[in-house]
Amino acid sequence: MFEAVAFKTRARTIDHLGREQIADCPTAISELWKNAYDAYATSVALHIFDGKYPVAALVDNGHGMSKRDFVEKWLVIGTESKLAPSLDLIADRGGIPERERQGQKGIGRLSAAALGPYLLVVSKKKDENFVASLIDWRIFENPFLYLQDIEIPVMEFPVRDELESAISEMANGLLGNVWGDGADVSRDSRLAASWKQFDDLCESEGKPSVRQMIEHAVVETPFSLRHLQQWDVWKGDAEAGTALLVGDIGFDLLAQLPNGVDAVDEQAASQARSRLFETLTNFTDPFVSSSETSDEWAALDFDYGVTVWEGALSREIISRERNFTYSQLQDLEHVIIGQFDDVGVFRGRVKVFGKWIDNDVEIPPRAPTPARVDTRVGSFKIRVGTFEQVLRNSTHPPEIFSALEAQAKRYGGFMVFRNGLRVMPYGREGNDFFEIERRRTLHAGREFWSLRRIFGSVALTRKGNPNLKDKAGREGIIDNKAAKIFRDLVEDLLSTTARRYFGTDSPVRKSTLPEINLSNEQRKADEARNKLRKKLRREFRRNLSENHPKLKELTADLEALADRAREGELPTSETELLELRTDLSWLKQKRASLTLGQAPTKLGPLEPVYLEFRALNQKSSDLITQLSDSLSAALGNVRPQSQRDLVVAEIARNAVYLQTRLRKWSTEVKTILGSESARTSEFVSVRNKKYHAETLSIVSELERGDKQIGEVLQFLDEEKVRQDAVNSEFFVPYISTLQNLSESIDIEAIVSSLVESSGGLSIEIDRLNSLAQLGITVEIVGHEMEGLDSSITRSLRALPDDVKLLPAYKTARSAHEALSSRLRFLSPLRLSGEHPREKITGQEVFDYCQEFLNAVIAAGKISFSASLAFREFEVEEQTSRIMPVFVNLVNNAVYWVGHNPDTNRIVTLDVRESEVLVSDNGPGVAKDDIPSLFSLFFTRKSRGGRGVGLYLSRANLAASGHVIRYVTDEASKLLPGANFAIKFRGN
C-alpha cells in the first residue's frame with residue numbers, strides 16, 4: 001500500500017514569494033499602490049518620516065478591512081478574492097465605477113517586506129472596528145521554521161485611541177514566535193530549536209543574529225501617532241482605509257531623507273533617488289485624453305504621491321500633477337498617436353516637424369497576427385513623441401528645446417500601462433523592451449527614435465489583451481507568443497515611421513530640414529539683432545539722459561562768449577585772445593564727446609528731448625564756428641609776436657588731446673579683452689568636463705549588464721555630436737568675428753546699419769500692410785461710395801439758388817469736394833462730384849483753418865494770425881485741393897509749437913516774394929529729417945502721426961502744377977521754427 005504524504009511548508013516560502021520575488025523597493029511600492037487601487041481608494045501616498053528610527057507610512061482611503069477580511073483574505077496567500085469579485089464588493093466601492101483588478105496572484109501584499117522588515121498594519125472598514133496586526137518579515141527568513149508554527153497577532157478595537165495599547169499587546173504576541181508563549185509546549189520546543197539552529201548558522205556565516213534584530217525592533221518600537229497623522233481615516237476625512245507602517249526601512253527609502261545615509265554612500269543614494277522617481281512618477285497613464293477618462297483605458301479618481309518629512313517640514317517628491325502631460329506630448333514636433341486593431345493594423349495621426357499630416361496614417365503588420373484565443377494580442381493604443389537631437393534641426397524655439405532636454409531626463413521613457421496603471425519595469429532607464437537602442441546601433445539616423453529623448457506609452461487593458469500577463473516578480477510581461485507579436489508590432493511601427501517620416505532616409509526630412517535650418521539661422525540672427533537693438537537703444541537713452549544737460553550747459557557757455565563777441569567785448573591782447581581760444585578749444589572737445597550713438601527708428605517719449613538735443617547740437621556747432629572765425633580774425637588784427645610759437649602750441653595741445661583719447665580706448669580694449677579671455681576660459685573649463693559628466697554613468701550600466709556594447713558606443717557617439725554642436729555654436733561665430741576685426745572690417749558699422757535698416761523695413765512693412773488694408777476697405781465699399789457721392793452731387797445741384805449763396809452751402813460743397821478728392825487719390829473710383837475752379841482768397845483760407853482747428857488752437861493757447869498780404873492773396877483753384885493742404889500745414893504747426901516751452905506760441909500765414917509761407921516758432925525740422933519730410937509714412941510725431949499728410953499735400957498741389965518746399969535758408973524764414981513755402985502756378 002502507498003502512504004499519503006502532504007506538502008510541508010517552511011516559513012521561508014513567504015520570504016521567497018514576497019521580498020525575494022519583487023525586483024526592488026520602488027516596484028514593491030507600486031504593487032502596494034495597485035492593491036490600494038483594487039481596494040477602490042481614490043488616494044494613496046507614501047510618507048517617509050525622519051527620526052531616531054525612520055518610518056515609512058503607506059496610507060490609502062480604500063474600502064479597508066474588517067478583522068474577518070484581514071484573517072480570511074489578507075493573511076491567506078493566493079486568495080481567490082482576486083479571481084472572483086466578493087458579493088459585498090459593490091458596497092465597498094463607495095460609488096466608484098467598477099475597476100479592473102490589477103492583482104492576480106494574491107501575493108502582492110507580501111511586497112511590503114521589500115520596504116522594511118517591521119510592519120504595522122492598521123485598517124478600518126466602514127461601519128466596522130479598527131483592525132491591527134504586527135508582523136516582522138524577518139521571522140520568515142528562518143529556514144528551520146515551519147509556516148504552521150508562526151502566529152500573527154491580530155487585534156480589533158473600536159476607537160483609534162486604543163491603538164498604542166494594542167501595539168504593546170501585539171508586540172508580546174509577535175515575540176511568542178521567537179520565545180514561545182507557553183500555550184503549546186511542543187511548538188515552543190520547535191521554535192527554540194529552530195532559532196538556535198538559525199543563530200548558529202548566522203554566526204558561522206559572520207552575520208548578525210536575526211533573532212536579536214527582531215527583539216530589538218519589538219522592544220524599541222519605532223511607531224508613534226505622528227506616523228498616522230497624514231492618514232485620512234486618522235484625520236477623520238475618510239470612513240475607511242488602510243495604513244501600512246514600516247520600521248527598519250531599507251536603504252532606498254533612507255536615501256530619500258536628508259542625511260538619511262552616510263556620505264560615503266551618496267553615489268548609491270543618488271541612484272536610489274533616481275530609481276524611485278523614475279519608477280513611481282507616471283504611475284498612472286499621463287497620456288490619457290479627456291475622451292478616455294470614462295473608459296477602461298484610464299485609472300479613474302486615483303491620486304498618488306511620495307512625501308518626505310523632516311520634523312514638521314514636508315517635501316513632496318512625487319505627485320500625479322508633476323508629470324509630462326498629454327497636451328505636452330501633442331506639442332512635441334514629432335508625434336504618433338493611434339491604435340492597433342485586433343488584427344495588428346495601426347491607424348492614427350502623425351506629426352512631423354511640428355505639422356500634423358492631413359490624413360490619418362494606416363500601417364499594416366508585416367505578417368498576419370494570430371487570432372487564436374490563447375495567442376492573440378488584441379487591440380491597444382500607442383502615443384509617442386520626441387524632438388530633434390540638435391537645436392539647429394528643431395522647430396522648437398531654444399527655450400522650449402532646453403526645457404525638453406531637461407524634462408527628458410526626468411520624465412522621458414517608453415512606458416506600458418494596463419487599465420491606466422504602470423506595468424513595471426517598462427520606461428525605466430536600462431529597460432529597452434522594444435529594442436529601440438539596438439536598432440539605433442545599426443543606423444542611428446535612419447532608425448531615428450532614441451530611448452533617452454522619447455516620451456510615450458503603450459496602453460493595454462486586461463480584457464482586451466488577456467494574453468499579455470505580468471511575470472510573478474513584476475519584471476515585465478511574460479515572454480509568450482502574444483508578447484513577442486506585441487513587441488514586433490510596436491517595433492515595426494517605430495521603424496516604419498522613422499523611415500517614412502522622421503529619419504535620414506525620410507523624404508519629408510530631406511525636403512523640410514534645409515528650410516528649418518535656414519529658419520533657425522534667421523531666428524538666431526533676429527535674436528542677435530534684437531539684442532543689439534536693445535543694447536543700442538539702452539545706450540542711446542543713457543547717453544541722451546547724461547549728455548543732454550551737459551550740452552545745454554555747454555551751449556549756454558558758448559552763448560555767453562558769443563554775446564561778448566557781439567557786444568565787442570573780445571580781449572585785444574594776444575595773451576588773452578590765446579587763452580580765450582584755448583577755452584573755446586576745450587569746449588569744442590567737450591562737445592565732440594557728447595555723442596548719442598545711433599538713434600532708434602521710433603523714439604516715443606524720447607522724441608522731444610532728442611529734438612532739443614539736436615537743436616542744441618546744431619546751435620553749439622554754429623556758435624563754435626562763429627567764435628572760431630571771430631577769434632581768428634581778432635588774432636589776425638593783433639598780429640601775434642610769434643606765429644610759429646602759436647602753431648607749435650596748438651599742435652602740442654591737439655596731440656595731448658589725441659593721446660588722451662587713445663589711452664582711454666586702449667584701456668577699455670584691454671579690460672574687455674581680459675574679461676573675454678576669462679569668459680572663454682571658464683566656458684572651456686566647463687565644457688571640458690561636460691562630456692565626461694554625461695557619459696560616465698553608462699560605464700556602470702555596461703558593467704551591470706543593463707547595456708550592450710553596441711548601445712554604449714552609439715550613445716557615446718551621439719553625445720559627442722551634441723557636445724560638439726554646443727561648442728561650435730559658441731566658438732565658430734566668435735572666431736569669425738575676431739578674424740574680421742583683424743582684417744579691419746568694421747563690424748559695428750555693418751551691424752548698426754543692418755539693425756537700423758531692418759528696423760526701418762519692419763516698420764515700413766507694417767505701414768504698407770496698413771495701407772493695403774485701407775485699400776481693400778475702400779475697394780469693398782467702392783460701389784456704395786460711388787452711389788452715395790452721386791446722390792450728394794445731385795442733391796447739392798438741386799438746391800435753390802438763394803441757398804447756394806449761404807456760407808453753410810459753400811462749406812458743405814467744399815467738404816464734399818475734399819472727400820471726393822481724397823477718395824479719388826486712394827482709389828481708382830470715378831467719383832462724380834463737381835470740382836469747379838474758383839477764386840480763393842487768403843482771408844477765406846484763414847477763416848476756414850481757424851474754424852476747422854479752433855478747438856486745438858484754443859487748447860494750446862496758440863496765436864494764429866495771417867498778414868494783410870496773405871489775406872489779400874488770391875488763387876484760382878479747386879477748393880477741395882487747396883483747403884486740406886493749409887489745414888494739414890497749420891495742424892502740424894499747432895502740434896509742434898505745443899512743444900515750445902515759451903508761453904508765446906505763434907503760427908502765422910504770410911506772403912514773401914510770390915510764395916505763400918506757413919510759419920511757426922516751434923522746434924523746426926532737423927536737418928537730417930528734411931530729405932524725408934515729404935515721404936509717405938515719415939513722421940516724427942510721438943502720437944497721432946501716420947506720415948501721410950505732407951505726402952498728400954504735395955501730391956494734391958502737384959496735380960495742378962503747384963510746388964511746396966521746406967525753407968532751409970534761415971534768412972528767408974518768417975519765424976524761427978518750421979517754414980513751408982508754396983509757389984502757386986499762375987498766381
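Start at I964, whose bridge partner in β23 is I982. Strand β23 (residues 979-983) pairs with β22 in the antiparallel sense, over four bridges. Two strands count as paired here if DSSP finds at least two bridges between them; strands (E, at least two residues) and helices (H or I, at least four) are DSSP runs numbered from the N terminus. Everything here comes from a predicted model, in which local features need pLDDT of at least 70 and side-chain atom pairs need pLDDT 80 or more, while totals for chains, interfaces and linings use all residues. Residues are numbered from 1 along each chain as its sequence is written, and side-chain values use heavy atoms, with hydrogens and water left out.

Both strands belong to an open sheet of five, ordered β18-β20-β21-β23-β22, with mixed pairing. From one strand to the next, the twist averages 15 degrees. Axes are lines fitted to C-alpha atoms (for helices, over the stretch in contact), and angles between N-to-C directions run from 0 to 180 degrees. Helix α25 (residues 842-852) lies across β18 and β20 (905-912), at about 160 degrees to β18. Contact, by the way, means heavy atoms within 4.5 Å.

## The eight-stranded sheet

There's also an open sheet of eight strands in the order β5-β4-β3-β6-β2-β1-β7-β8, again with mixed pairing. β5 (154-157) and β8 (313-319) are the edge strands, pairing on one side only, and the twist averages 15 degrees from one strand to the next. Strands β1 (residues 43-49) and β2 (residues 55-60) run antiparallel and are joined by six bridges. L46 has L58 as its bridge partner in β2.

Now for the helices. α2 (residues 25-38) lies across β1, β2, β6 (241-247) and β7, running at about 140 degrees to β1. α5 lies across β3, β4 (130-136) and β5, at about 40 degrees to β4.

## Nonpolar cores

In soluble globular proteins, nonpolar side chains tend to be buried together. A nonpolar core here is a set of buried Ala, Val, Leu, Ile, Met, Phe, Trp, Tyr and Cys residues joined through side-chain atoms within 4.5 Å. Buried means under 20% relative accessible area, exposed over 50%, and partly exposed in between, with a 1.4 Å probe and protein chains only. The largest core has 100 residues, of which I29, W33 and L253 touch the most other members. Helix α5 (residues 163-179) supplies the largest share of this core, eight residues.

What does W33 touch, leaving aside neighbours within four places in sequence? Its contacts are V44, A45, L46, L58, L280, F283, F302, Y304, G305 and V306. A second, separate core of 40 residues includes I363, Y426, F448 and L493.

## Rings and charges

The whole structure holds 38 aromatic pairs. Rings of Phe, Tyr and Trp (its six-membered ring) pair if their centres lie within 6.5 Å; planes under 30 degrees apart are stacked, over 60 edge-to-face, and the rest tilted. F283 and F302 form a tilted pair, with centres 6.3 Å apart and planes at 45 degrees. Both residues lie in the loop between α10 and β7 (303-310), so their pair ties together parts that are 19 residues apart in sequence. F283 is buried at 0% relative accessible area, and F302 is buried at 0% too.

Y426 and F433 are also tilted, 4.8 Å centre to centre with 50 degrees between the planes. Y426 counts as buried at 3%, and F433 is buried at 14%. Ring pairs link both into a cluster with F340, F346, F380, F414, F434 and F486. R487 lies over the face of F433, at 5.1 Å from the ring centre. The charged end of R99 sits over the ring of Y37, 4.2 Å from its centre. For that label, NZ of Lys or CZ of Arg must be within 6 Å of the ring centre and within 35 degrees of the ring normal.

## Two more residues

Is A272 buried or exposed? A272 is buried, with a relative accessible area of 7%. It's in helix α10 (residues 266-280) and, leaving aside neighbours within four places in sequence, touches F251, D252, A255 and Q256. A272 and Q256 are 16 residues apart along the chain, and their C-alpha atoms are 8.0 Å apart.

R93 lies in the loop between α4 (89-92) and β3 (118-124). At 19% relative accessibility, R93 counts as buried. Not counting residues up to four places away in sequence, R93 touches Y40 and E98.
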